[in-house]
Amino acid sequence: MIVEDKIQDSAKRRIVSKTVIREVRAFVADPTEVCADYHNQHDKHWINDLPIANPMSIYPEYKEKRTSWGINFLGTVVVEVELNDGTIGVGCSIGGEPACYIIEKQLSRFAEGQDPRNVELIWDQMWRSTIPYGRKGLVVHAISAVDLAIWDCLGKLRGEPVYNLIGGKTKDRLEVYAITPRADIAKEMGFHGVKLPCRFGPADGASGLRKNIEDIAIAREQVGPDFPIRLDCYMSMTVPYAIELVKAAAPYNLIWVEECLPPDDFDGYTALKAAIGHMCLVTTGEHEYTRYGFRELIARKCADILQPDINWVGGLTEARRIVAMAAAYDIPVIPHGSSVFSYHLQSAFTNCPIAEFLVMSPQADELVPIFGGLFKSEPLPKDSFIDLPETPGWGVELNDNLRLIRPYKK
Ligand SMILES: [Mg+2]
């Protein structure tokens, strides 16, 4: 029996050793679907209908809604990586048709015909080949979607959830806090704290600053003294404004202020953290890319907590390097968004203490999948914890009724 098992094991290894990626396919999701671009809401929804301070808020004609300047215009890109044994892995990002073009026309050549276990080599070739025009933003989103799909294949090949491929679980359950304008409901739902969207920025002057403080004061009144409150500022502020805001908010005990400044203002983040770090933590990184961007944030002492988005930063292959680098400086990593993809990463690393969960129902009053109709069984928090199943790969499959279009089929 033991001999038979060994023979079977060895046969399995031989099959796996011949496994190659047959095809990389890139799709756009039907624009009526929410999917990976959760700003792509069509009905009335807090994420689009509340004024939320942003880099375009200085222009009156674009300040009311982020959709007015096109926050959701790219839409979702979905990638399927199919192996020669028929295994299909899925990844996604924001990037829509332009990301499909980059993936099908350039990136796919580094994956197709390659052993999917050579995920580092594939990543490096995707990265180096796009340096002349990439490095940040859309191109790295495209790389991320391919990388995540390959990891899904690897999990399915080995019959293991992704977190087991990168070291296994460091915690049984993952605590989550809520992003929502409704602190009261977040507390009722049992979340480990809340993050409020900041509604006003420097262009709204002293009255806007007062309204921001009022929002925080109301939330504090609703949730009591011990419930953690964070503030998400979505790149909308200047250093002096952020310092003034944090000082004015001192009585309400904010845990952190997030992404106050444009991501390229490394010097500004250094100054901000130096000025207010004793009052409130400074966090950023949601719009930063790759180990190189995060190396700058760490070296320049820009942030107390780093927040890469696994769907944007370069996928799991790059995100795990960032988490390891941050660990060497005792900096926690609390990823932005990225749902199930970040849950696997966070489960596997000790310096990822809590996850964020976007409360994406229109009135922020019920828990729905962050990626809308993209996946079957996207994990939702239960009692304010995420419990990942042992399903192979990321543990999610595309919904059967999802309408996908492949614009650049080879
Ligand atoms: Mg944010």
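This is a predicted model: local features need pLDDT of at least 70, side-chain atom pairs count only at pLDDT 80 or more; totals for chains, interfaces and linings use all residues.
**Figure 1**

**Figure 2. Strand β2 and its pairing with β1.** Strand β1, residues 21-29, is antiparallel to β2, and 7 bridges join the two. One point of this pairing is Val-24, whose bridge partner in β2 is Val-81. How many of the 8 residues of β2 are buried? The number is 7, so that the strand, which spans residues 76-83, is mostly covered.

**Figure 3. Surroundings of Val-146 in the nonpolar core.** The largest nonpolar core has 124 residues, and those with the most contacts inside it are Val-79, Ile-103 and Val-146. Helix α5 gives this core its largest share, 13 residues. At least three residues of the core come from each of domain 1 and domain 2. Which residues does Val-146 touch, if residues up to four places away in sequence are not counted? They are Val-24, Val-79, Val-81, Gly-91, Ile-103, Leu-107, Ala-111 and Met-126.

**Figure 4. Helix α3 and its kink.** Helix α3 covers residues 96-111 and has a kink of about 45 degrees, centred on Glu-104. Glu-104 is also one of the buried residues of the helix, which include Gly-96, Ala-99, Ile-103 and Leu-107. Against which elements do the buried residues of α3 pack? They pack against the strands β1, β2 and β3 and the helices α4 and α5. Just after α3, Gly-113 takes a positive phi of about 85 degrees.

**Figure 5. The loop position of Asp-37.** Asp-37 lies in the loop between β1 and α2. Is this residue buried or exposed? Asp-37 counts as buried because 25 other C-beta atoms lie within 10 Å, where 20 or more are required. With residues up to four places away in sequence left out, Asp-37 touches Asn-72, Leu-74, Gly-75, Thr-76 and Ile-94. Between the C-alpha atoms of Asp-37 and Ala-275 the separation is 35 Å, and the two residues are 238 residues apart in sequence.

**Figure 6. Leu-121 in helix α4.** Leu-121 is a residue of helix α4. Leu-121 counts as partly exposed because 13 C-beta neighbours lie inside 10 Å, a number between the limits of 12 or fewer for exposed and 20 or more for buried. Along the chain, Leu-121 and Ile-88 are 33 residues apart, and their C-alpha atoms are separated by 20 Å.

**Figure 7. The contact between the two domains.** The domain assignment gives domain 1 as 2-37 + 74-158 + 400-405 and domain 2 as 165-391. Their C-alpha centres lie 27 Å apart. The contact takes 23 residues from domain 1 and 17 residues from domain 2. On the side of domain 1 that touches domain 2, the elements giving two or more residues are β3, α4 and α5. The largest share of that side, 10 residues, comes from α5.

Conventions. Residues are numbered from 1 along each chain as its sequence is written. Domain bounds come from an automatic or database domain assignment. Two residues are in contact if their C-beta atoms, placed from the backbone, lie within 7 Å. Helices (H or I, at least four residues) and strands (E, at least two) are DSSP runs, numbered from the N terminus. A nonpolar core is a set of buried Ala, Val, Leu, Ile, Met, Phe, Trp, Tyr and Cys residues joined through C-beta atoms within 7 Å. Two strands pair if DSSP finds at least two bridges between them. The bend at a residue is the angle between axes fitted to the seven residues ending there and the seven starting there.
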